[in-house]
Amino acid sequence: MPTTKAYKGMAMEGPIATWYAKITQKDVRRHKLEAQRWAQKIAPGSRVLEIAPGPGYFCIELAKLGQYRITGLDISQSFVEIARKNAAAAGIQAEFRQGDAANMPFESESFDFLFCQAAFKNFSQPVKAIAEIYRVLRPGGTGIILDLRRDASQAEIDREIENMGLGRLDEYLTRWTFRNVLLKNAYSLDEMKAMAAQTSFGTCKINREGVGFQVLLGKRS
Ligand SMILES: C[S@@+](CC[C@H](N)C(=O)[O-])C[C@H]1O[C@@H](n2cnc3c(N)ncnc32)[C@H](O)[C@@H]1O
């Protein structure tokens, strides 16, 4: 398993970031449901890091549910600015910073809970990113990676896109992106296990979920 790959996706800056922020706002239910699911497991006062938050919708929904100290780290300066604006408009407290998942600008053991959704497959140094997740989590902390499965079927993807509530053009562009970009970059469950095994986590728990998977990375106390 290679530890690096060329970044095959388009850099998500400028108009691409604005388009993504617009279409995923229509699917805010996804972020609400994820925030509800994880808020039950995160103690009040916890330090939470979302890697690659994009427009920041998950951070915003989580901040509405509890007293957490939330930080988002994204490589795209456009998304950092969009997320800051969205957080201010929603009236929630969260810090958004620009930086690379494979080289995080944080002290070791800074976070209790770490979340990364729909982004891991884009990372050019995925194993290094998992090693960084280990480093920035405090002992006893948990990291969650949600992403698309390489073996997701076209029928499953079509159902997922239908549920996003998009207009005809955005639905067509999203379907094209899934087929021609996202699936090609996506990992299998075995590949995710092999990458976790190369880091100090040693192992991880993986559940299949719809078109994707959920990877649980626990840092022992
Ligand atoms: C498809 S968007 C997902 C955004 C958000 N998590 C969501 O669920 O809507 C992928 C995100 O990964 C970010 N990204 C890609 N490579 C990154 C890296 N090496 N470090 C941090 N963020 C990265 C992009 O800028 C973008 O915000």
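**Close-up views of a predicted model**

A nitrogen atom of the ligand sits 2.7 Å from a polar backbone atom of Q117. This is a predicted model, in which local features need pLDDT of at least 70 and side-chain atom pairs count only at pLDDT 80 or more, while totals for chains, interfaces and linings use all residues. Residues are numbered from 1 along each chain as its sequence is written, and side-chain values use heavy atoms, with hydrogens and water left out.

View 1. For I75, a backbone N or O atom is 3.2 Å from a ligand nitrogen. A polar contact here is a pair of N or O atoms within 3.5 Å; within protein, one must be able to donate a hydrogen and the other to accept it, and residues adjacent in sequence count only if both atoms are side-chain atoms.

**View 2. The shell around the ligand.** The ligand is surrounded by 20 residues, the closest being Y20, A52, D74, D100 and Q117; a residue is near a molecule if one of its heavy atoms lies within 4 Å of it. By class, this shell has 10 nonpolar, six polar and four charged residues. Here Ala, Val, Leu, Ile, Met, Phe, Trp, Tyr, Cys and Pro count as nonpolar, Asp, Glu, Lys and Arg as charged, and the others, Gly among them, as polar.

**View 3. Two residues with positive phi.** A52 is not a glycine, yet its phi is positive, at about 60 degrees. You will find A52 in the loop between β1 (47–51) and α3 (57–63), and A52 counts as buried because its relative accessibility is 17%. A118, also not a glycine, has a positive phi of about 55 degrees and belongs to the loop between β4 (111–117) and α5 (126–136). With a relative accessible area of 32%, A118 is partly exposed. Buried means under 20% relative accessible area, exposed over 50%, and partly exposed in between (1.4 Å probe, protein chains only). Helices (H or I, at least four residues) and strands (E, at least two) are DSSP runs, numbered from the N terminus.

**View 4. A salt bridge between R37 and E209.** The closest N and O atoms of this salt bridge are 2.7 Å apart. R37 lies in helix α2 (residues 28–39) and E209 in strand β6 (residues 205–209), so the pair ties together parts that are 172 residues apart in sequence. R37 is partly exposed at 23% relative accessible area, and E209 is partly exposed at 30%. A salt bridge is a side-chain nitrogen of Lys or Arg within 4 Å of a carboxyl oxygen of Asp or Glu, and the structure holds 18 of them.

View 5. R149 is in the loop between β5 (137–148) and α6 (154–162) and counts as buried, with 1% relative accessibility. Its side chain reaches the backbone oxygen of G212 at 3.1 Å. R149 also forms a salt bridge with E156, where the closest N and O atoms are 3.4 Å apart; E156 counts as partly exposed at 21% relative accessibility. A network of salt bridges links R149, D151, E156 and R208.
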